[in-house]
Amino acid sequence: MTEKTFMAGFGGQGIISLGQLWVYSAMKEGLKVTFFPFYGAEKRGGIARASVIVSSEEITSPLVTSADSVVVMNQDSVEIAEKVCKEGGTIFVNSSLIKTDPARPDAKIVHVPCNDIALKLGDVRVANMVMMGALSAVTSAVKLDTFEAVLKSFFPASKHSLIAINIAAVEEGKKAVS
Amino acid sequence: MAEEIRLMKGNEAIGEAAVRAGCRAYFGYPITPQNELTAYMAKHMLAKGRTFIQAESEVAAINMVYGASSTGARAMTSSSSPGVSLKQEGISYLCGADLPAVIVNVARSGPGLGGISPSQGDYFQSTRGGGHGDYYTIVLAPKGVQDAADLTYEAFSISEKWRVPVLILADGLIGQMMEGVVLPPPLDPAMFPRKPWAVGYAAEMGRPYNHVTSINLVPDELEAANRARFARYEQIKKELIRYEEIDVEDADLVFVAYGTSARVSHGALQMARTRGMKVGLFRPITLWPFPYARIHELAKKGKKFLSVEMSMGQMVEDVKLAVEGAAPVYFYGRCGGNIPSQEEVFAEVKRLLGK
């Protein structure tokens with residue numbers, strides 16, 4: 001099993017955290033992983049993207065240039081999603097912010113209202129975790145069954161009060177696509 | 001107890017591997033894309049009561065390495081391409097004085113200030129000495145985070161064994177990428193044997209002083225020192241050459257690629273193999289000494305070569321030197337901070353094989 005995911009959004013939407021938590025969880029589940037981020041030189045805003053691969057085998061190129069799945073968190077990133085998704089791949093769209101679907105009739109488009117779900121949970125900043133739940137449920141590449149332990153080591157102790165809402169966001173994301 | 005697998009950036013893994021190898025002194029100066037390495041050393045060297053100095057420049061940092069290494073301490077510096085250019089005078093002095101050191105280049109695109117994206121444009125500089133005078137440094141090229149940690153760890157002992165600086169030639173992708181890594185066991189610098197050539201040691205033993213220097217104004221003496229060093233280089237060539245081969249035996253076309261390019265080429269290899277094309281990968285791990293003999297052997301078996309690089313074509317010259325006209329040698333490269341995709345490398349394979 002190899003799942004190559006390209007993640008794209010706006011600086012501040014948690015693209016880098018999403019990619020890191022996805023591969024960290026995958027590693028805890030015994031998979032090989034690579035995570036390569038790229039973002040602009042801006043202090044805030046600008047583009048945030050990541051090449052993310054999880055696999056049961058040795059990973060060759062760490063660059064995702066023909067993605068099995070694409071996560072797109074904002075309208076401006078739709079264009080890159082259209083380009084990077086492989087024939088018949090899956091595009092996960094943050095439908096709270098994206099009103100026009102990627103022009104890829106061959107691809108499976110999964111709508112996840114990440115911001116709306118996150119706001120209902122009480123904090124828009126967990127929109128990325130809602131998306132991760134959806135990604136997990138649809139691709140089954142990473143099960144996220146060790147997620148609580150992963151968050152405990154990912155967050156410093158001072159942020160452990162946020163673990164519950166992050167877990168809830170992942171669960172809601174899974175439900176949204178089931 | 002077995003070490004746990006950790007998720008780390010390449011830069012951080014290099015730093016932790018150096019700390020575990022018993023690096024006693026680190027001197028650095030910030031530059032993207034290797035900043036996490038300097039930052040990691042600031043935190044972890046000081047926490048262990050070892051020396052960390054953010055120098056006033058790259059030139060200062062490499063000369064601090066010279067000073068620390070003269071005392072026999074395991075010493076290290078790191079930078080990225082423009083910064084490594086600035087260190088070349090100091091590297092030449094280290095080589096002239098037969099001092100060990102570990103120098104890490106997390107290379108970026110050039111020439112000049114260039115860009116901050118990954119590149120392999122420093123191959124010539126790395127493998128041909130880089131500074132003035134007759135010398136080489138040992139050059140190790142990791143292909144990922146685990147490899148970067150393992151080679152950095154080993155670089156210290158290799159450098160001490162041969163009294164030749166070791167250059168770790170990574171690139172911005174390897175520095176910035178995160179992968180799982182299992183780290184080698186920590187060594188305590190206090191447990192290392194004293195170096196008989198080091199400053200200070202001779203006085204303790206009641207012997208005449210050791211003078212660590214690269215200067216020698218007597219031509220015959222300087223020639224003799226250079227010849228002795230080159231005799232050591234011949235020994236290094238016999239003992240140190242390393243490479244990795246994947247699916248080479250039955251291949252018609254063999255990629256020659258190191259570092260990130262080797263990873264991309266491996267992806268292209270898999271694309272080719274699933275379509276019945278016999279493609280192999282030869283990955284030099286030591287760029288100096290370069291595995292000329294093995295490539296020559298493969299050339300005589302009738303294989304064609306494609307050197308894949310993130311440059312305008314530098315290692316391809318060594319491949320041609322190895323092949324000595326016995327087989328066709330092709331080149332595919334991207335530069336300016338662009339990384340070739342496995343799809344475009346595969347397209348080049350199809351073109352060369354006429355498929």
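**Close-up views of a predicted two-chain model**

View 1. Leaving aside its neighbours within four places in sequence, Ile15(A) is in contact with Met7(A), Ala8(A), Gly9(A), Ala48(A), Arg49(A), Ala50(A) and Met73(A), where contact requires that the C-beta atoms of two residues, placed from the backbone, lie within 7 Å. The model is a predicted one, in which local features need pLDDT of at least 70 and side-chain atom pairs count only at pLDDT 80 or more, whereas totals for chains, interfaces and linings use all residues. Residues are numbered from 1 along each chain as its sequence is written, while chains are lettered from A and ligands numbered from 1 in the order in which they are written. Helices (H or I, at least four residues) and strands (E, at least two) are DSSP runs numbered from the N terminus. Ile15(A) counts as buried because it has 27 C-beta neighbours inside 10 Å; the term buried asks for 20 or more other C-beta atoms within 10 Å of the residue's own, exposed for 12 or fewer, and partly exposed covers the range in between, with C-beta atoms placed from the backbone. The C-alpha atoms of Ile15(A) and Gly30(A), which are 15 residues apart along the chain, are separated by 23 Å.

**View 2. The contact between chain A and chain B.** Chain A contributes 16 residues and chain B contributes 17 residues to this contact. On the side of chain A that touches chain B, the elements that give two or more residues are helix H1 (15–28) and strand E2 (32–39) of chain A, and E2(A) gives the most, with six residues. By class, this side of chain A has nine nonpolar, six polar and one charged residues, with Ala, Val, Leu, Ile, Met, Phe, Trp, Tyr, Cys and Pro counted as nonpolar, Asp, Glu, Lys and Arg as charged, and the others, Gly among them, as polar. E2(A) also pairs with strand E8 (residues 178–181) of chain B in the antiparallel sense over two bridges, pairing being assigned if DSSP finds at least two bridges between two strands. Phe35(A) stands opposite Met178(B) in E8(B).

**View 3. Packing of helices H4 and H6 of chain A.** H4(A) (residues 127–139) and H6(A) (residues 163–176) pack at an angle of about 45°, with their axes 6 Å apart; axes are lines fitted to C-alpha atoms, for helices over the stretch in contact, and angles run from 0 to 180 degrees between N-to-C directions. The two helices H4(A) and H6(A) are therefore oblique to each other, given that angles under 35 degrees count as roughly parallel, over 145 as roughly antiparallel, 65 to 115 as roughly perpendicular and the rest as oblique. Among the residues that make the contact are Met129(A), Met132(A) and Ala137(A) of H4(A) and Asn166(A), Val170(A) and Lys174(A) of H6(A). By class, the contact of H4(A) with H6(A) has nine nonpolar, four polar and three charged residues.

**View 4. Strand E4 of chain A and its pairing with E1(A) and E5(A).** Five of the six residues of E4(A) (residues 67–72) are buried, so this strand is largely enclosed by the rest of the structure. Four bridges join strand E1 (residues 2–10) of chain A to E4(A), and the two run parallel; the bridge partner of Phe6(A) in E4(A) is Val70(A). E4(A) is also joined in parallel to strand E5 (residues 85–94) of chain A, by five bridges, and Val71(A) stands opposite Phe92(A) in E5(A).

**View 5. An open sheet of five strands in chain B.** The strands follow the order E9-E11-E10-E13-E14 (chain B), and the pairing is mixed. Strand E9 (243–246) and strand E14 (329–333) of chain B are the edge strands, each pairing on one side only. Neighbouring strands of this sheet are turned by 20° against each other on average, direction ignored. E9(B) and strand E11 (residues 279–284) of chain B run antiparallel and are joined by four bridges, with Tyr243(B) opposite Pro284(B) in E11(B).

**View 6. Two cis peptide bonds in chain B, at Pro33(B) and Pro289(B).** The cis bond between Thr32(B) and Pro33(B) has an omega of about 5°, and Pro33(B) lies in the loop between strand E2 (25–28) and helix H2 (35–47) of chain B. From Trp288(B) to Pro289(B) the peptide bond is cis, with omega near 0°, and Pro289(B) lies in the loop between strand E12 (286–288) and helix H12 (292–300) of chain B.
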